[in-house]
Amino acid sequence: RRTKQESRGITFRVQSKLARDFVDGLPFTLTPAQTKVVREILDDMGSEHPMHRLLQGDVGSGKTVVALIAMLVAVDSGYQAVFVAPTEILAEQHFRTMRALLGGLPVQHRLLVGAQRSKLRRDVLEDIRSGAAQIIVGTHAVFEDEVRFSRLGLAVIDEQHRFGVLQRARIRAKGENPDVLIMTATPIPRTLSLTLYG
């Protein structure tokens, strides 16, 4: 409780045109549960304290859409957002889903995984460093020292019990107290403990 009260994080502008245009352009309406969760996340993001929130929902319940809204709020406030998945297959699936959902929105998104060709990897790393890449989807590759963010504001970690304590600490150290949103379909006791004690 003391850490949460005393730590200073980023106060995002939660009135986001990007996020509004994204929601308005979806081929479906958000469920009442999604709307409630988005409101809670945005309340956290608008606060001066760093967010550390667990988003739990069954597979297919729309967690990625909720996470995208939060990421667009970060982008609209001038920050980068990173989405970390435990495997390359999952990262690529999330990247394709996000690319389809973002449609024509003016948001630069890049994929960073271990198996990329060296030239493509260099280009992606430069886009992340310069800030040209606003949304980055990746695997454990994003924890590496050579990955330097221009202005990391939000980290979304999928199935975070698959990552180590030090890995999560490293992604947070790549920004200045970025907000953290953890997603899981399996709220095992370790996940709940890590949410409480970070």
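Author: This is a predicted model, so confidence comes before detail. The mean pLDDT of the chain is 87. A score of at least 70 is reached by 89% of the residues. Confidence is lowest in helix α1, residues 2–6, where the mean is 67. It is highest in strand β4, residues 135–138, at 96. Where pLDDT is low, the predicted coordinates should not be read in detail.

Now the chain as a whole. It has eight helices and six strands. From the N terminus, the order is α-α-α-β-α-β-α-β-α-β-β-α-β-α. The chain holds 198 residues, and 47% of them count as buried. Its accessible surface is about 10100 Å². Carbon and sulfur atoms account for 51% of that surface. Take the contacts between residues at least 6 apart in sequence: 79% of them join residues at least 24 apart.

The helix to look at is α2, which spans residues 17–25. Leu18, Ala19 and Phe22 are buried. Viewed down the axis of α2, the buried residues fall within an arc of 95°, so they line one face of the helix. The general rule behind such a pattern is simple. An α-helix has 3.6 residues a turn, so residues three or four places apart point the same way.

What does the buried side of α2 pack against? Its partners are two helices, α4 (63–76) and α5 (88–102).

Turn the helix over. Lys17 and Asp24 are exposed, and they sit on the face of α2 turned away from its buried side.

Next, the start of the helix. Serine 16 caps the N-terminal end of α2. A side-chain oxygen of serine 16 lies 3.4 Å from the backbone nitrogen of leucine 18. Leu18 also belongs to the buried set of α2.

One more site is worth a stop: histidine 109. This residue lies in strand β3, residues 109–112. Leaving aside residues up to four places away in sequence, histidine 109 touches Phe95, Arg99, Leu102 and Ile135.

Conventions: Residues numbered from 1 in each chain as written. Predicted model: local features only at pLDDT ≥ 70, side-chain atom pairs only at ≥ 80, totals over all residues. Heavy atoms only, no water. Buried < 20%, exposed > 50% of the residue type's maximum accessible area, 1.4 Å probe, protein only. Helix = DSSP H or I, 4+ residues; strand = E, 2+ residues; numbered from the N terminus. Arc of directions from axis to C-beta. Contact = heavy atoms within 4.5 Å. Polar contact = N/O pair within 3.5 Å; in protein donor to acceptor, adjacent residues only side chain to side chain. pLDDT = per-residue confidence, 0-100. Areas by Shrake-Rupley, 256 points an atom, 1.4 Å probe, with all protein chains shown as cover.
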